[in-house]
Amino acid sequence: MSLGFTAIVSLLVVGTCLAIGFIHALIWLKRTRDTRLAAELKSANAQLRKAHEQMDLISGAAAVGMWEWDSQRDSVWVTDQTRALYGFSATESIDFDRFLSAIHTEDRAAVRGAALRSLQEGNRFQREYRVIHADGSLSWVLTRGRVEVATADTPAVLRGISLDVSERRRREELLQQERAFLRQVIDINPNLIFAKDRAGRYTLANHRVAEIYGTTVDALIGKTDADFNDNATEVKWFRKLDAQVLDTLQEHFIAEEQVTDAKGRVHWMQTVKRPLLNPDGSADQLLGAATDITERKQTELDLAQQRNELAHLSRVMMLSELSGSLAHELNQPLAAILSNAQAALRFLAHDAPDLDEIREILRDIVADDKRAGEVIQGLRVMLKKGELRREPVKPNALVQDVVRLLRSDMLNAGVIYTTELAPKLPNVSGIYVQLQQVLLNLMLNACDAMVDVPAANRRLTVSTSHDGAGHVVFRVCDQGHGIPVDDVALVFQPFFTTKTHGLGLGLAVCRRLIEAHHGRIWATNNIGEGASFFFSVPIKSLDEQ
Amino acid sequence: MNKTPPLVAIVDDELSVRRALERLLRSAGVEVRTYASGAVFLDAIQTHPVDCVVLDLHMSEMNGFEVQAHLMRTGKWLPIIIMTGHDTPDSRARALAGGAVEYLLKPVDDQVLLDAIAKALANDKP
C-alpha cells in the first residue's frame, strides 16, 4: 500500500515535475519565438525605415514627391519633398483628409473621387490640381499613383509620386494667352488670313475667311474651298496657284482675283501666297493673306469709265478741230476713185478700149475704196465709246499715223514738221486710240503755240526714243513762245489754258490717259525757243508681245 | 496746121491720185506728165516746159503755195489749177491771189477739170 502510495506520490511528483518542465519548456519556446519575432519585426522596421530614407533621398534628389496611402489605416506616408510640395510640416502625421485639405477647394472633390475610384477599381491614378499654400499662393501639382493590394481582393496601398508642374502650367497658360491674343489679332484683321495644306484643306483661317464663306472658323478647318465655293473656275484657279506656290517654293503676288462669297457676291481680292517651309526646305503648307479690294476696284472701274467718257468727249472735240485733215484724208482716195472711174468710162467709149488698162483702173479703184474705208474705220474707232482694250502698239507707226492725220492741218498752219524715230523700238502696251489722242493733242497744241511765230520758224519735231528703263518716250517739240515758267507744272491741271479758245481740259485728259497706261507725261521749256512735251509708255512685257 | 496736144503737168505727192488724174486726162486726149513733188516739178520744167499745171496744195515736202510762189518769184508764168482735198476760205483766197486760174476741190468731176484746163490753156498768157 505504502509502496503504492509512494509510487503514486512519486508518479505525481514526477508528473508534476514533468508538467512543470513541459510548461517551462513551452514558456521557453514561446519566449524564444517572441524574441525571434521581435528581432524580425525590428529588422523589418529597420529595413522599412531604411527604404523610406532611401526614398526620401531619391525623392529629394529628383524633386519628385513620393507618398503611400494605406487606405485601411488611413495613414499617408510622404517624403520630405512631398511635405514641401503640399505645405505639410516636417513632423505632422497625415491622413487622407489632411492630404485633401491642401488641395484647392475647386479641385478637391475631383481628386478625392479619382483617388477613391482608383482604390476601388485598382486603376492607375493621375490628376493635375492646384495646391494652396499657407501664404495663399497656388502651385500646380501633377500626381500619378497605382494601387497595390495586400491580399487578393483587398486594396491596401495607393502609392505614387507628385511633382510641381506650376512652371509648365504657367508656360501653357502663357502659350494659351498668346494663342488667344494672336487669334484676336488675325480675327480683327479685315483681310483674309489662311493656311492650307497640299490637299487644299484649311489648316488656319481667320474670321473674315469664314465670313466670306458663310461659316465658322472651326467648320472651315480641314475643309477645302470646294466645300464652300460653288464657282468651280475660282476653285480651280486657287488650287492651281496653291500648287504653284508649293511646287516652286516661291511667294506669289496675285494683283487681282475673284472670290464668290456664300451669298453669291463676287469679291475682288489682292492676294499673297507664301510657302511655309519645313526644316528640310520643302513645303506642305502655304500661308495666304488676301485684301478685299472690291470697293477700290469699283472705284477704279468708275474712274476708268469717267476717264473714258472724258477722253471720248475730248476726242469728239478734237475731231472737230481735225475735220479739215480728215476731209483731206478721205477726199484723196475719193478723188482717185472718181477720176479713175471717169477715165475708165472714157476709155470704154473709145473704139478699141485697152482692157488691161481698164482692169488696172478697177484694181486701183478697189484699193482706194479700201483706203477710204480705213479712214472711216479710224474715225469710228476715235468716236467709239465704252470699253477699250489694251494691245501692242508700234510707237513709230503711231507717230506716222498721227502725222498723216495732221499733215494737211499743219500745212495750212504753215508748220514744218519733222519726225525723228528711233529704229527697232519695242511695242508698248496701250489703248491705241488713247495714245493717238494724246499725241494728236500735243501736236495740235504745238501748232497752236506757233501761230504768232514767223512762218519760217514754225517747226515741229516729233521723236521717239527708248529710255532704257522699260519705257518708250514720245517727244513733241515746238518753236513757240514756251510755257510761262511758273506754269510748267500746272499745264496738266484741269482748266489750265493759255489759249483764248478751249476749256483747258486737253492736257488734263492727256495726263489721266497716260497715267492709266502707267506712264508719265511732263513738259519742259526748250533751251532755245519753245517747249517740249514728253510722255512715256511702258514697253509691253515679253509674255504680252 | 498740125496742132500739138496740150501738155499738162500733174503735181501730187500721192501716187494713186497722180495715176488716176493722168489716166483721166489721157482718156480725154491730153498729154500728161506727173510729178511726185513740187521740187521735182520745178526742176523738170527747166528743161521740159509744160502748158499748164494741176497742183495739189497739201504735199509734205513743198506745198502747192510754195510751188506757186516759186514760179511767181522766178517769173515763169504758167497757168496753175489748184486742187485740194482740204478746203479753207484762206487757202482759196491765197491760191487765187497767187495767180491760180482755178481752185478745185477733190474729188473733182472730169468735166470740171477738163473745162478748167481748157480755160487755163486759153489764157496761157497774162
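Reply: Asp74(A) counts as partly exposed because its relative accessibility is 30%, where buried means under 20% relative accessible area, exposed over 50%, and partly exposed in between, with a 1.4 Å probe and protein chains only. The structure is a predicted model, in which local features need pLDDT of at least 70 and side-chain atom pairs count only at pLDDT 80 or more, while totals for chains, interfaces and linings use all residues, and side-chain values use heavy atoms, with hydrogens and water left out. Residues are numbered from 1 along each chain as its sequence is written, with chains lettered from A and ligands numbered from 1 in the order in which they are written.

Asp74(A) sits in the loop that connects strand E1 (65–70) to strand E2 (75–78) of chain A, helices (H or I, at least four residues) and strands (E, at least two) being DSSP runs numbered from the N terminus. The backbone of Asp74(A) has a phi near 50°, a positive value in a residue other than glycine.

What lines the second largest cavity? The lining consists of Trp67(A), Trp69(A), Val76(A), Val78(A), Thr82(A), Tyr86(A), Phe96(A), Phe99(A), Ala115(A), Phe125(A), Thr143(A) and Leu158(A). The elements E1, E2, helix H2 (80–86) and helix H3 (96–101) of chain A each give two or more residues to this lining, so that the strands on either side of the Asp74(A) loop are among the contributors. A cavity here is a set of points, on a 1 Å grid over the protein atoms alone, where a 1.4 Å probe fits but cannot get out, and lining residues have an atom within 4 Å of a point. The volume of the second largest cavity is about 100 Å³, a volume being the space filled by probe spheres set on the points, which are joined across faces, edges and corners. By residue class the lining of this cavity contains ten nonpolar, two polar and no charged residues, with Ala, Val, Leu, Ile, Met, Phe, Trp, Tyr, Cys and Pro counted as nonpolar, Asp, Glu, Lys and Arg as charged, and the others, Gly among them, as polar.

For context, the search of the whole structure finds two cavities of 30 Å³ or more.

Side chains of opposite charge can pair when their charged atoms come close. In the definition used, a salt bridge is a side-chain nitrogen of Lys or Arg within 4 Å of a carboxyl oxygen of Asp or Glu. Asp107(A) is buried, at a relative accessible area of 13%, and Arg130(A) is buried at 17%.

Strand E3 of chain A also holds Glu128(A), whose side chain meets that of Arg168(A) in a salt bridge of 2.6 Å from N to O. This pair spans 40 residues, Arg168(A) lying in helix H5 (residues 166–188) of chain A. Here the relative accessible area of Glu128(A) is 26%, which makes it partly exposed, and Arg168(A) is likewise partly exposed, at 33% relative accessibility. Over all chains the structure holds 41 salt bridges.

Notes
On a 1 Å grid over the protein atoms alone, a cavity is a set of points where a 1.4 Å probe fits but cannot get out, and a pocket is an open set with protein on both sides within 12 Å along at least five of seven lines; lining residues have an atom within 4 Å of a point.
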